[in-house]
Amino acid sequence: MTSLRVRAVLGGLVWVAFSLALGTFGILTFVNSLSERRFDEALVERQLQVLVALSSSEGDEDALESFLTDPGYRRPYSGRYWQLRKTTGELLTSRSLLDGLLRMREPDATDPELWQGRGPDDEPLRGIIQRVTLDNGDGWLVLVADSETKLSEEKAQVRRSVLLAFGILGVIGVAALATQIATVLHPLSKLRSDVLHRWDKGQSLDPGEYPSEVAPLVTDINTLLARNHDTVSRSRRQAADLAHALKTPSAILRNELQALQNKGTETTRALSALDRVDAQVSRSLARMRASFGGQAAFKPLDVTNVAERLGRALSKIAEMAGKTVALEVEPGLNLQGDAQDVEEILGILLDNAIKWAGQHVRLSVRGQDNHIVFSVEDDGPGICPKKRSFVLQPGSRLDTSEAGNGLGLAIVSDLCAAYGGAFELETSEVLGGLEARCTLPRRRLAA
Amino acid sequence: MRILVAEDDVELADQLKRALAADGHAVDVQHDGEEIHFLGSTEPYDLIILDLGLPKIDGIEILKRWRREAVETAVLILTARDGWSERVHGLDAGADDYMTKPFHMPELSARVRAMLRRKSQMSNPVFDRDGFFFDTRNATAMHEGMPIRLTAQETAVLSYLIHNQGRTISRTELSEHIYDYDGDRDSNTIAVFVARLRRKLNNDLIETIRGRGYMIKAAG
């Protein structure tokens, strides 16, 4: 669907263009008619002068010229002409015509009429033609004309000025339009930014910060976010309850079967079936947890605190096995995510590392550009590069003699993917064993 | 050694009790959160196996209360909750180890033994002095390569004294750690067990500290 900004810009531009075009047309029409009226008034004035001169000179050419002193009548092809034709055929013309003649047609009546024709220079002329009879009884056909070129030039000049003025007006209009659109759409941009960064503030959006048209939407978003949070939390609890409900009976069954086996009853097949049930349950629960990855995150997560807490807790376990966990956690790291997910990732990686380490395990957490890198290293046997992709498959185990369901690394991989991060297995440069490295973005991209 | 099994599932608790008793431990079972808290605070357990999903009070909360009350008993968390969050909360609250359900009973027995040894600062699961061996992993005793048959009570007394080498143990303390809550705690019978043990071991490993109790001297 077309964006609001595009709609507003298109609508505004159409409106600006329409009003400017209408305005330009109106003004030009008015100014053109004004120019024509002024031209015609001057023409009427000049025709009157010629009539007066004709009447006073009674057809004498020299006297006539002494009356008509306008230099335009003398300058050749000036565009300003008069031409008189007596009923007897005698013809008098302004000097500006030189030997040229204007085509005169007989007017219908004695009233002045508009005349249009071509001049000696083939320029368009506009004039007044009239039949008059002098006091001495002579009849004359009088034509006074002026070049329309001047009128056209004047019109063009006016048109240029008007277009320039309206162009400036248009630019101002578009700028005003852009400002208006930005002002009107600002609350929506702010809403988008606030929704993206809500976890920075660790609180829900405040409808009071938005205009009354947007505020109900903000309230709805808050409701939705809270509902999403509740749904994820509830699903998590249900998954935990389900785990509890299934795993205790499974433990009982296993112990009973084991006891029977100790007494000599053959229970290998039953135990193997139970193993499959347990693995399936663990896998489904783990998938369920990974699918919620980060969705319940409302606040920035203090990664430093989570990593240190987990490192300390797991150090206890390591100590029992006579191993050590070195912690190198950068202070002040935070992440848009859920503590449970980070605990899950680090818990699995540290537990594995402690299990396989000869003596030393190292957890380092550091910021790198827009990511946080969690690295768990050990001095154990490591995993050869060929088998690394194998252990990321759910249910795959390199050593089936150890307890476990082979889901750990697959869960870590799933969780990293759910966060848009990356999970890699390398050879530890410092300790020589395996390095499990998980890179998570500090902020998740908008969906 | 005396162990409290805090597990709300009656069947599983019973299995744990049987398995641990077979290892020579005196085991109390309790299903209710409040009772578990009370027992842990008042009885001198050597180890507590604590389920997290308990009725009335959550396992983590009980653990936190114990640690606030300076109950230093070793705690092994047994949880059906899969996530690491619970385990970390448990370890943070003061647990010493954790196991997730479903578990293998032999692994649980091994963890319990390791935790008891650790508490006693015994690095070696086998006690070995002057030709006498006692393997805490399977409660077998040998003298000069010959096995010695011990009753459950004798094993319990010997095991407790070995786990507390270098410390004088009163008859009352011994009876508190070898009998479960419902057991007949007659401290006079302790003297009988010790006398029988000395006869079977045929050495002066167990010393009597007059008026105070018994002791196995620390090595070296």
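The model is a predicted one, in which local features need a pLDDT of at least 70 and side-chain atom pairs count only at pLDDT 80 or more, while totals for chains, interfaces and linings use all residues. Residues are numbered from 1 along each chain as its sequence is written, and chains are lettered from A and ligands numbered from 1 in the order in which they are written.

In chain A, five strands form an open sheet in the order S2-S1-S5-S4-S3, with antiparallel pairing; helices (H or I, at least four residues) and strands (E, at least two) are DSSP runs numbered from the N terminus, and two strands pair if DSSP finds at least two bridges between them. Strand S2 (91-93) and strand S3 (113-118) of chain A stand at the edges with a single partner strand each, so that one side of each has no neighbour in the sheet. On average, neighbouring strands of this sheet are turned by 25° against each other, direction ignored. Strand S1 (residues 80-86) of chain A is joined to S2(A) by three bridges in the antiparallel sense, and within S2(A) the bridge partner of A:Leu84 is A:Leu92.

Two helices lie across strands of this part of chain A. Helix H1 (residues 4-57) of chain A lies across S1, strand S4 (124-133) and strand S5 (139-147) of chain A, and runs at about 145° to S5(A); such angles run from 0 to 180 degrees between N-to-C directions, with axes taken as lines fitted to C-alpha atoms, for helices over the stretch in contact. Helix H3 (residues 148-196) of chain A lies across S4 and S5 of chain A, at about 135° to S4(A).

Further along chain A, another group of strands can be followed through its pairings. Strand S7 (residues 324-329) of chain A runs parallel to S9(A), joined to it by six bridges, and A:Val329 has A:Val365 in S9(A) as its bridge partner. Strand S9 (residues 360-368) of chain A is in turn joined to S10(A) by eight bridges, and these two strands run antiparallel. In that pairing A:Gly367 stands opposite A:Ile372, and A:Arg366 stands opposite A:Val373. The hairpin of S9(A) and S10(A) has two residues between the strands, and in it A:Asp369 takes a positive phi near 55°. S10(A) is also joined by seven bridges to strand S12 (residues 434-441) of chain A, again running antiparallel, and A:Ile372 has A:Leu440 in S12(A) as its bridge partner. Why is strand S10 (residues 371-378) of chain A described as largely enclosed by the rest of the structure? Six of its eight residues are buried, so the strand is largely enclosed; a residue is buried if 20 or more other C-beta atoms, placed from the backbone, lie within 10 Å of its own, exposed if 12 or fewer do, and partly exposed in between.

Chain B has eight helices and eleven strands, and buried residues make up 46% of its 220 residues. Of the contacts in chain B with a separation of 6 or more, 58% are between residues 24 or more positions apart, where two residues are in contact if their C-beta atoms, placed from the backbone, lie within 7 Å. Four strands of chain B form an open sheet in the order S6-S7-S8-S9, with antiparallel pairing. The edge strands of this sheet are strand S6 (126-129) and strand S9 (146-148) of chain B, each pairing on one side only, and the twist averages 20° from one strand to the next. Between them in the order, strand S7 (residues 132-135) and strand S8 (residues 140-143) of chain B pair in the antiparallel sense over four bridges, and B:Asp135 stands opposite B:Thr140 in S8(B).

The contact between the chains takes 25 residues from chain B and 27 residues from chain A. On the side of chain B that touches chain A, helix H1 (10-22), helix H4 (84-93) and helix H5 (105-119) of chain B each supply at least two residues, and H4(B) provides the largest share, six residues.
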